[in-house]
Amino acid sequence: RMLRKLLCPKLVGVSKRASSQGLASAASYVGVRASTPWQHVVHAQRGMATRADARPGGGPDKNKWKAESKIDNATAVKKMRDKAEEGDVGSQYTLGSALMRGQLGLMKNTREAGEWLLKAAEAGNVHAQFSYAMLLNEGDGMPKDQVNAVKYWTAAAESDLAAAQYYLGCAYQKGAGVERDDAAAAILFARAVAQQHEQSSLKLATCYISGHGVEQDYPRAVNLLTKPANNGIAEAQFLLGYLYLTGQGGVKKDVPHAMSMLEISGNSGFLRSKHYLATCFLDGKEVTKNEQRATTLFQEAALKGHADSCFALYKMFSKGNGLEKESKQWLQRAAQAGHPEAKQLLKK
């Protein structure tokens, strides 16, 4: 049933029901602005603090505003809880969301959050369906249950919630809680991409690179990667740099742009980029060979636990140049980081 609906998508964004029931706190998941009776509560603390900071002199006035903010939150939460207990679905979702994150002056309580989110989810609140699925998938405050997580992600995905389409696509791609289906995953990612969901652009690009669920298409992957890469998603920068450097599948080579992407990605902490750059400098692939630069990049990645970089340093330092001690240390680090060949070598 889900696949039939998704194969004939209505690319209209979040459904009207989702829009009417959605809340400001859901924006962190789906990037939409929602209007609800409780929206002013979500920003109460920030608003009160801002007004306090703006007062001349600060001091006691600032403390007064903070105290009033707590009172306002407590009053609003009590009203919200009363309405939730009366069966108001929007209030049930908002209360569950606040408990899930420890907002509005409430202590984080994922068990109680799950109870309220389930009520709202069963009543058809799309954002509650998504949030409840997240708790189930993570086993946060309740037993981990990926099968039921897929059930609630599916309900939200059918209402065109992009974040739900993304996570459901990941579940189909991994076979987590549902039988693996790469084609279904690609369809779901495409639905979310149509709503400008950048992580889905990255995922769909990897489908076109690998040919899983779709026909291999490197130029299309480049198109999908460009926006998330420009917006700072490190893995997209890495993949885009790799494709421009290698020129695979009809992609036009652009070595300067490729190196720029890889450098930016590596500097942001994406260790695969540092490792790949190091191998390029070590082997002289598309760039001038530079072993010193390669060693530095390997070390930067290895010191942060990148197993392949640790193993590369082991091999570099085990060439009979008096660095056998350092070589053994890198081998041990590689094994500790999970490198299979390093583990085997240490057993000998």
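Residues are numbered from 1 along each chain as its sequence is written. Because the model is predicted, local features need pLDDT of at least 70 and side-chain atom pairs count only at pLDDT 80 or more, while totals for chains, interfaces and linings use all residues, and side-chain values rest on heavy atoms, without hydrogens and water.

Let's start with the whole protein. It has 21 helices and zero strands (DSSP runs numbered from the N terminus: H or I of at least four residues for helices, E of at least two for strands). Of its 348 residues, 47% are buried (under 20% relative accessible area, 1.4 Å probe, protein chains only). Among contacts (heavy atoms within 4.5 Å) with a separation of 6 or more, 48% join residues 24 or more positions apart.

Now for the helix pair. The axes of α10 (residues 146-158) and α11 (residues 162-174) come within 8 Å and cross at roughly 140 degrees; axes are lines fitted to C-alpha atoms over the stretch in contact, with angles from 0 to 180 degrees between N-to-C directions.

Finally, the cysteines. The structure holds zero disulfides (pairs of cysteine sulfur atoms within 2.5 Å).

| Cysteine | Relative accessible area |
|---|---|
| C280 | 0% |
| C310 | 1% |

How values were computed:
Buried means under 20% relative accessible area, exposed over 50%, partly exposed in between (1.4 Å probe, protein chains only).
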